[in-house]
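User: I have a model open and would like to go through its packing with you. Could we start with the overall picture and then turn to details?
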Amino acid sequence: MRMRPTLSWIPSGELPPGTTDLEPVVSALSTGGVLVLSGAGISTESGIPDYRGEGGSLRRHTPMTYQDFTATAQARRRYWARSHLGWRTFGRARPNDGHRAVAAFGRHGLLSGVITQNVDGLHQAVGSQDVVELHGSLERVVCLSCGARTPRRELARHLEEANPGFAPVAAAVNPDGDADLTDEQVGDFHVVPCAVCGGVLKPDVVFFGESVPPSRVEQCRRLVREATSLLVLGSSLTVMSGLRFVRQAADAGKPVLIVNRDATRGDQHALTRVALPLGTALTAVADDLGIPLEEAGA
């Protein structure tokens, strides 16, 4: 029997309440050496919904799993039709004050690194350096046969040529760039193969039900070991891919600070959870530190 990946989490006990006090975050950043771990919540103010917050996409949408994607050509047709449409919308998203604040903190030498669970590239778009994309990036595609990686824009061009006039109206676009379309809207959408070997193409992201590459996990574990504290921004920490780094930091006695409006699976390990919108919270932190966001770039 195929097991479905963990998509939701319900607290099993009493968790510390959220706060609006930003002083612990300001204090940690003023010390420096902070490692940022960001999730979908940091991109909601850019128009990209999160998975599990209020209005999150999991309330209406079950993400494609790796097992489903590789199982049938029909599943891949449905995925690529939805993703191709979503890519157009996704590509128009722009960094918000949360992204700008993280880039500003890095520019002022307060961060030891950034790990993001997001696949939207918005941290890099605003100037953050050496970002570890834990779950990959929608900017690339990979062939499951030969391993060739190519830019997503090339695939988008080939899909446009193979599907002239394809322009259905999506009900919504999800954090993974997957647009909500009916089977009728997908129709007979034509999927294109790898230009190198003719194999199956997949976005270069970690699907639900797929494992993060071990080398990437170790890179992140090293960043946790080298950091003075861990600052989680906009992640429910429901899946183990992010939660394990919170546990690692806590086990090492390093402060874990979380900015997320809702309770998270990592709250029990955290010094504090600030229950404020990320743009508001991080702008206030930057103000307290005397760091202007515009220095971070676009």
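Analyst: In this predicted model, buried residues make up 52% of the 298 residues in the protein chain. The chain has 10 helices and 9 strands.

User: And what share of the contacts with a separation of 6 or more comes from residues 24 or more positions apart?
Analyst: Such residues account for 74% of those contacts in the protein chain.

User: Let us take helix 3. Which of its residues are buried?
Analyst: Helix 3 covers residues 73-90. Its buried residues are A75, R76, Y79, W80, A81, R82, S83, H84, L85, G86, W87 and F90.

User: What do those buried residues pack against?
Analyst: The buried residues of helix 3 pack against helix 2 (66-71), strand 4 (136-143), helix 6, helix 7 (183-186) and strand 6 (201-205).

User: What span should helix 3 have, and how far apart are its end C-alpha atoms?
Analyst: At 1.5 Å a residue, the 18 residues of helix 3 should span 26 Å. The end C-alpha atoms of helix 3 are 24 Å apart, which agrees with that expectation.

User: How do helix 3 and helix 6 sit against each other, at what angle and axis distance?
Analyst: Helix 3 packs against helix 6 (residues 152-162) at an angle of about 115 degrees, and their axes are 11 Å apart. The two helices are therefore roughly perpendicular to each other. Helix 3 passes helix 6 in a left-handed crossing.

User: Which residues meet there?
Analyst: From helix 3, W80, S83, H84, W87 and R88 take part, and they meet R152, R153, L155, A156, L159 and E160 of helix 6. By class, this contact of helix 3 with helix 6 has 5 nonpolar, 2 polar and 4 charged residues.

User: Why would residues three or four places apart in an α-helix point the same way?
Analyst: An α-helix has 3.6 residues a turn, so residues at that spacing point the same way.

User: Moving on to helix 10. At what angle does helix 4 pack against helix 10?
Analyst: Helix 4 (residues 97-107) and helix 10 pack at about 30 degrees, with their axes 8 Å apart. The crossing of helix 4 and helix 10 is left-handed. In this contact, D97, G98, A101, V102 and F105 of helix 4 meet G279, L282, T283, V285, A286 and L289 of helix 10. The residues divide into 7 nonpolar, 3 polar and 1 charged.

User: And how do the axes of helix 1 and helix 10 cross?
Analyst: The axes of helix 1 (residues 23-31) and helix 10 (residues 278-289) come within 10 Å and cross at roughly 55 degrees. Helix 1 and helix 10 are therefore oblique to each other, and their crossing is right-handed. V25, V26, L29 and S30 of helix 1 make the contact with V285, D288 and L289 of helix 10. By class, the contact has 5 nonpolar, 1 polar and 1 charged residues.

User: Where is L110, and what does this residue touch?
Analyst: L110 is in the loop between helix 4 and strand 2 (111-116). L110 counts as buried because its relative accessibility is 13%, where the cut-off for buried is under 20%. Leaving aside residues up to four places away in sequence, L110 touches L29, G32, G33, V34, F105, L289 and I291. L110 and A28 are 82 residues apart in sequence, while their C-alpha atoms are 9.0 Å apart in space.

User: V34 is on that list. Is V34 buried or exposed?
Analyst: V34, which is in strand 1 (residues 34-38), counts as buried at 1% relative accessibility. Not counting residues up to four places away in sequence, V34 touches A28, L29, L110, L111, S112, G113, T228, S229 and L231. V34 and P255 are 221 residues apart in sequence and 9.6 Å apart in space, C-alpha to C-alpha.

User: Last topic, the backbone. What is phi of D130, and what is phi of L237?
Analyst: Phi of D130 is near 50 degrees, a positive value in a residue other than glycine. Phi of L237 is near 60 degrees, also a positive value in a residue other than glycine.

User: Where are they, and are they buried or exposed?
Analyst: D130 is in the loop between helix 5 (122-125) and strand 3 (131-133), and D130 counts as exposed at 69% relative accessibility. L237 is in the loop between strand 7 (229-233) and helix 9 (240-251), and L237 counts as buried at 1% relative accessibility.

Technical notes. Residues numbered from 1 in each chain as written. Predicted model: local features only at pLDDT ≥ 70, side-chain atom pairs only at ≥ 80, totals over all residues. Heavy atoms only, no water. Axes fitted to C-alpha atoms, helices over the stretch in contact; angles between N-to-C directions. Helix = DSSP H or I, 4+ residues; strand = E, 2+ residues; numbered from the N terminus. Parallel < 35°, antiparallel > 145°, perpendicular 65-115°, else oblique. Left-handed = near helix turned anticlockwise from the far one by under 90°. Contact = heavy atoms within 4.5 Å. Nonpolar A, V, L, I, M, F, W, Y, C, P; charged D, E, K, R; others polar. Expected span 1.5 Å × (residues − 1). Buried < 20%, exposed > 50% of the residue type's maximum accessible area, 1.4 Å probe, protein only.
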